[in-house]
Amino acid sequence: CSAEAGQSAMQKMLNPVIEHQCALELKDSNLWKASTFLMTAGNKRQFEQDVCSCVSANALNDVPASELAHAAVSAEAKNQLIKKLNEAIEAEENNA
């Protein structure tokens with residue numbers, strides 16, 4: 001699961017942030033807790049790393065570089081982008 005080849009520099013810079021946030025949200029997710037309950041700690045860490053790596057590689061595919069650049073210099077644009085991404089994530093979770 002890799003989409004890094006076509007990513008902008010801004011997207012590549014945000015990947016670790018997205019991956020970290022993904023890990024935090026997974027650990028708080030009841031679905032994650034239930035689905036990994038019987039996994040060993042090592043398998044759970046590897047699965048988390050695989051999932052969050054994929055999420056970070058693809059999370060910003062539908063966000064234009066210009067929008068990312070604007071969000072980097074404007075708090076209002078950043079907050080709007082975060083809201084947009086959170087709504088997309090919630091929509092995906094509801095469809096799962």
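A crossing is left-handed if the near helix is turned anticlockwise from the far one by less than a right angle, and right-handed if it is turned clockwise. The model is predicted, with pLDDT of at least 70 needed for local features and 80 or more for side-chain atom pairs, while totals for chains, interfaces and linings use all residues. Residues are numbered from 1 along each chain as its sequence is written, and side-chain values use heavy atoms, with hydrogens and water left out.

**View 1. Overall fold of the protein.** The protein has five helices and zero strands; helices (H or I, at least four residues) and strands (E, at least two) are DSSP runs numbered from the N terminus. The order of elements from the N terminus is α-α-α-α-α. The C-alpha trace spans about 45 × 25 × 20 Å along its principal axes.

**View 2. The crossing of α1 and α4.** The axes of α1 and α4 come within 9 Å and cross at roughly 60°; axes are lines fitted to C-alpha atoms, for helices over the stretch in contact, and angles run from 0 to 180 degrees between N-to-C directions. α1 and α4 are therefore oblique to each other (under 35 degrees is roughly parallel, over 145 roughly antiparallel, 65 to 115 roughly perpendicular, the rest oblique). Their crossing is left-handed. Met10, Gln11 and Leu14 of α1 meet Leu68, Ala69 and Ala72 of α4, contact meaning heavy atoms within 4.5 Å. By class, this contact has five nonpolar, one polar and no charged residues (Ala, Val, Leu, Ile, Met, Phe, Trp, Tyr, Cys and Pro count as nonpolar, Asp, Glu, Lys and Arg as charged, and the others, Gly among them, as polar).

**View 3. The crossing of α1 and α3.** Helix α1 (residues 9-28) and helix α3 (residues 41-58) have axes that come within 8 Å and cross at roughly 135°. α1 and α3 are therefore oblique to each other, and α1 passes α3 in a right-handed crossing. Residues in the contact include Ile18, Cys22 and Leu26 of α1 and Val51, Cys52 and Val55 of α3. The contact residues divide into eight nonpolar, four polar and three charged.

**View 4. The largest pocket.** About 1,300 Å³ of space lies in the largest pocket. On a 1 Å grid over the protein atoms alone, a pocket is an open set of points where a 1.4 Å probe fits, with protein on both sides within 12 Å along at least five of seven lines, and lining residues have an atom within 4 Å of a point. Grid points are joined across faces, edges and corners, and a volume is the space filled by probe spheres set on the points. Of the 36 lining residues, Ile18, Glu25, Val55, Ala59 and Ile89 are the closest to the pocket centre. α5 gives the most to the lining, with ten residues.
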